[in-house]
Amino acid sequence: MKHLIKTAALFSLISLSLPVTASLAYVSNEKDNTISVIDTDAMTVVDTIPVGARPRGILLSHDGTRLFICASDDDTVQVMDLATRKIVDTLPSGEDPEQFALAPDDRHLYISNENDAIVTVVDVKTKQVLSQIDVGLEPEGMAVSPDGKWAVNTSETSSMLHWIDTETFTIKKNIVVGQRPRHVEFSRDSKIAWASTEVGGTVHVIDVDNLKQIRELTFDVPGVNPDRVQPVGIELTSDGRYAFIALGPSNHVAVVDAKTYEVLDYLLVGSRVWQLDLGKNEKYLYTTNGVSGDVSVIDVGRLKVIKSIKVGRYPWGVVVDPAS
Amino acid sequence: MKLSEYWHCFLGIQTREWLRFWQQRTRFASALVRPLLWLVVFAAGFRAVLGISIIPPYDTYITYETYIAPGLCGMIILFNSMQGALSMVYDRELGSMRVLLMSPLPRPFLLVTKLLAMGVVSVGQVYVFLLLALLVDVEPPLWGYVAVLPALVLTSLMLGALGLLIATWIKQLENFAGVMNFVIFPMFFMSSALYPLWRMQEASPWLYWVCQFNPFTHAVEAIRFALYLQWNGQAFGITAAVTVVLALLATAGFQPQRTRILGTRTG
C-alpha cells in the first residue's frame, strides 16, 4: 500500500512538472483591461491577466512566443511573454493604437493611430519608430500581406484602403471602398485581400496583383434589420475554401464560399460579434462578442456554433496560439 | 394471475392502439400540422429574440425554433393525451374499453397499460416531428434522440393520467372544446414551452410562479435537457412524482357508467 501511495505521489509530481500542452486562445477585454486565456480543449477560461488600459487589437508573434497588445488608453503597445504571462516590454505606438499588424519577419509593427491620421511603423527589436505615414482620416484596420510586400491601412472617414509599400513606407495606391472600412485580411498566397466596411455593410475583394476590386459582397441576414449588418472581422481558411465575416450587431457570422463568393450560411453567435480567429489547424473559429461578453466557438468542419464561453466585459480581439 | 396473462393483455392493448392509429392515419398527420405551424410560422417572427442569453442546457446562442421544439414535443403529447382521454370516455360506455374493463386483471394495470399504449403512439409522433424539425435547423446531438425517450414516455404517462382524471369528471362527450380552453391552452401557455422562465419572471412574478407550479413546465424541461444530453433531476423528479399522484387518483376514480351518453343517463 505504501508503495502504491509513493508511486501515485511520484506520478502526480511528474504530471505537475510537465509543461502545459493545452492549446490556448487569448482574448482582449476592452472594458476590463484584461486578457482572458481560454483552454481550447476544455473550452473554459483558465486565466485572466491584467494588462494596460483598454486593450483592443492583439496579435501573436509569428514564432508564437509573444503576445502584442494595443493598450489604447495607455497609448502604448505591450508585449507579453506567453511562457510567464508577464508584460516584458512596451513599445512606442503613437496615440490611441487600436489595430496593428506584424510583418512576417516579426520585426516591423504597423500601428494605426486613429486621432492623428497616421500609421506608425515600429521596429520591435530596437523599439524605434521607423516611420509615420500620413493616411486618411481615422485610420483603423491594419494588415500586412504574408509575403511582406504590402501593408494595408483602412481609414474610416475617408473610406479608403491605403496600400503602403513596405520597402519605402510610402502609399502606392488608395482604393475607395464602402463607408467605414474596418478590417483587411490577406489570403495565404497574398494574391487576394478582403476588406470589410462597417457602415457600408459590404466586403470588398481586391486582386493584389493589379490592385483592382474584383467583387463586392453584401449580406442579408434573415430576420435582421439591414442597419444591424455591420461587417468587421474577417478570417480566411488557408485552403481557400471559406471566408468568415463577423457581422457586428446582427449577431451573426457569415460563411462565404471563398471561390464563388456566395454566402453559404449565417451562424448565430453572441451580441455584436467583432473579431475572429481560426488558429493554426483551423478546426474551430473563435469569435469575440462585445456586448454579450463572450467568445463563440464555431466548428469549421460542420459550420455549427458549438459553444459560447463567458469572458470579460467587451471582448475585442482574439488569437489562438499556433500550437492549437 | 400469471405473468403471461398480464403480458398477453399488455400486448393486446398495445396492438389495439396501433391498429386504431393505423385506421386514423389522417388524424396522425393532422396532429403534426399544429406543432409544425408553430415551429415554422410562429417561431419565424421571433427568430432573433432569444439570441440574447445562454441558458442551460444550451451551450451557445440558439434560434427561437430550437428553443420551442421541446415545448412543441410536449404539445403533441398534451393534445394526444387529452384526445385519448376523451376517446376513453366514449370507449368506456360504448366501445372496447367496456370489454377491456371486464378483464379479470386489476383495473390499475389495465388503465396504466392503456396510457402507455397511447403514449407510445404519441412518442412516435414526437419523433416524426423532431425529424421534420431538422429542416428548420433544430439539430440536437444524435444521442439526444435516444436520451429523450424516457422523458417523452414519462411525459405521456403524466399527461395521459391527467387526461384520465379529467375524463372521470367529464359528463358529456362534446366537451373537448372545454378541455382545450381550460386545460390544454393554460397548461401550454403558462409553461416554459414558449418562453424561458427568466423572461416570465421579468414580465410578471405571479406568472412565473404559475409556470413553476405547472407540471407541464417540468415535463418540457425534462424533455429539453434530455434532448441535449443533460440531466435535470428536478424536472424529472417532479414530472415522475406528479405522474404517480395523477395515476393513483385517476385509476381510483375511473368508474364505468357514470357518463351521460346520447342524452340519457345510463348509470
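This is a predicted model: local features need pLDDT of at least 70, side-chain atom pairs count only at pLDDT 80 or more; totals for chains, interfaces and linings use all residues.

Chain A averages a pLDDT of 91, with 93% of its residues scoring at least 70. Residues 13–20 of chain A are a stretch where the pLDDT is below 50, and this stretch has zero contacts in the model beyond near neighbours in sequence.

Chain A contains one helix and 28 strands. Its C-alpha trace spans about 75 × 50 × 35 Å along the principal axes, and its radius of gyration is 20 Å, which agrees with the value near 20 Å that a compact globule of 324 residues would have. Of the 324 residues of chain A, 48% count as buried. Among contacts in chain A between residues at least 6 apart in sequence, 42% join residues at least 24 apart.

Strand 17 of chain A, residues 192–197, is mostly covered, since six of its six residues are buried. On one side of this strand lie Ile192(A), Trp194(A) and Ser196(A), and on the other lie Ala193(A), Ala195(A) and Thr197(A), so that both faces are covered. How does strand 17 of chain A pair with strand 16 of chain A, and over how many bridges? The two strands run antiparallel and are joined by five bridges, and His183(A) stands opposite Ser196(A) in strand 17 of chain A. Strand 17 of chain A also pairs with strand 18 of chain A, residues 202–207, in the antiparallel sense over six bridges, and here Ala195(A) stands opposite His204(A).

Both pairings form hairpins, which the table sets out.

| Hairpin in chain A | Residues between the strands | Residue with positive phi |
|---|---|---|
| Strand 16 and strand 17 | five residues | Ser190(A), about 65 degrees |
| Strand 17 and strand 18 | four residues | Gly201(A), near 75 degrees |

For chain B, an unreviewed UniProt entry places the feature "transmembrane region" at several spans, including residues 179–198 and 235–254. In the model, residues 179–198 of chain B are 65% helix and 0% strand, with end C-alpha atoms 28 Å apart. Residues 235–254 of chain B are 95% helix and 0% strand, and their end C-alpha atoms are likewise 28 Å apart.

Finally, the two chains meet where nine residues of chain B are in contact with 13 residues of chain A. The residues on the side of chain B that touches chain A divide into four nonpolar, three polar and two charged.

Conventions: Residues are numbered from 1 along each chain as its sequence is written. Chains are lettered from A and ligands numbered from 1 in the order in which they are written. Two residues are in contact if their C-beta atoms, placed from the backbone, lie within 7 Å. Ala, Val, Leu, Ile, Met, Phe, Trp, Tyr, Cys and Pro count as nonpolar, Asp, Glu, Lys and Arg as charged, and the others, Gly among them, as polar. pLDDT is the predictor's confidence in each residue, from 0 to 100. The radius of gyration is taken over C-alpha atoms; the globule rule is 2.2 Å times the number of residues to the power 0.38. A residue is buried if 20 or more other C-beta atoms lie within 10 Å of its own, exposed if 12 or fewer, and partly exposed in between; C-beta atoms are placed from the backbone. UniProt positions are given in the numbering used here, feature names are shortened, and annotations may be inferred rather than shown by experiment. Two strands pair if DSSP finds at least two bridges between them.
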